[in-house]
Amino acid sequence: MTKREEMNFGVFVVVRNELGHLLMVKHNYGEKKWSLPGGKIERGEMVPIGAARETLEETGFSVTIGDQVGIFSQRKTLGIVILFEGTLSDIARQKFDKQEVQLCEFLSLSEIECLGDQIYPAQFGLVKMFMTWIKNENRGPVYGWMIPAN
């Protein structure tokens, strides 16, 4: 099986502070753009546990994984991404992986919208999806594409 044919399972977590700002990370690799905290699930790992682990590794914050916001099919690779809502379990911050992440900050929606090409398009789509989801009274998971069609 080629790398393109391997199934990828990714998770991302939306964590809001008391002002409603979203926890975002700026990667220190690849295109060095902003993203929600998250990454790949490890073999044998429960999905919510992987989401909490990835958030801790990238941000230094322990989170409690809450509702599943949605499941999204990837367009460029064979795989899915699961988006969760999370809450801070502990406001004390631990060390985070500075080789992987150069910045970790809570950003307002207007700040995120102003990032332009400094945020991965798929990540901006997940943020917009979350903001729509949070307003819905009957919050069931959303299903769709990771990157919205143009």
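Two strands count as paired when DSSP finds at least two bridges between them. Keep that in mind as you look at this predicted model, since pairing is how we'll find our way around.

Strand β2 and strand β3 (residues 34–35) pair in the antiparallel sense over two bridges. In β3, the bridge partner of K26 is W34, and V25 has S35 as its partner in β3. The two strands also make a hairpin with six residues between them, where G30 takes a positive phi near 60 degrees.

How many of the six residues of strand β2 are buried? Six of the six (residues 22–27) are, so the strand is largely enclosed by the rest of the structure. Here "buried" means a relative accessible area under 20%. Both faces of β2 are covered: L22, M24 and K26 are buried on one side, and L23, V25 and H27 are buried on the other.

## The five-strand sheet

Now for the other sheet. Five strands form an open sheet in the order β4-β1-β6-β5-β8, and the pairing is mixed. At the edges stand β4 (38–40) and β8 (142–145), each with a single partner strand, so one side of each is left without a neighbour in the sheet. Neighbouring strands of this sheet are turned by 30 degrees against each other on average, ignoring direction.

What holds strands together in a sheet? Strands pair through backbone hydrogen bonds, and they can do so in either a parallel or an antiparallel way. Here is how the pairs in this sheet run:

| Strand pair | Sense | Bridges |
|---|---|---|
| β1 and β4 | antiparallel | three bridges |
| β1 and β6 | parallel | eight bridges |
| β5 and β6 | antiparallel | nine bridges |
| β5 and β8 | parallel | four bridges |

Strand β1 is mostly covered, with seven of its eight residues buried.

Next come strand β5 (residues 62–73) and strand β6 (residues 79–90). β5 and β6 form a hairpin with five residues between them. Within this pairing, I65 stands opposite G86 in β6. On the β8 side, I71 has Y143 as its bridge partner.

## Helix α3

Which residues of α3 are buried? They are A122, Q123, G125, L126, V127, F130, W133 and I134. When you read that list, remember a bit of helix geometry: an α-helix has 3.6 residues a turn, so residues three or four places apart point the same way.

V127 and L109 are 18 residues apart in sequence, while their C-alpha atoms are 8.5 Å apart in space.

## A pocket to look at

Finally, find the second largest pocket, which holds about 150 Å³ of space. Which residues line the second largest pocket? The lining is made of M7, N8, F9, K40, I41, E42 and R43. Sorted by class, that lining has three nonpolar, one polar and three charged residues.

Terms used. Residues are numbered from 1 along each chain as its sequence is written. This is a predicted model: local features need pLDDT of at least 70, side-chain atom pairs count only at pLDDT 80 or more; totals for chains, interfaces and linings use all residues. Side-chain values use heavy atoms; hydrogens and water are left out. Buried means under 20% relative accessible area, exposed over 50%, partly exposed in between (1.4 Å probe, protein chains only). On a 1 Å grid over the protein atoms alone, a cavity is a set of points where a 1.4 Å probe fits but cannot get out, and a pocket is an open set with protein on both sides within 12 Å along at least five of seven lines; lining residues have an atom within 4 Å of a point. Grid points are joined across faces, edges and corners, and a volume is the space filled by probe spheres set on the points. Ala, Val, Leu, Ile, Met, Phe, Trp, Tyr, Cys and Pro count as nonpolar, Asp, Glu, Lys and Arg as charged, and the others, Gly among them, as polar. Axes are lines fitted to C-alpha atoms, for helices over the stretch in contact, and angles run from 0 to 180 degrees between N-to-C directions.
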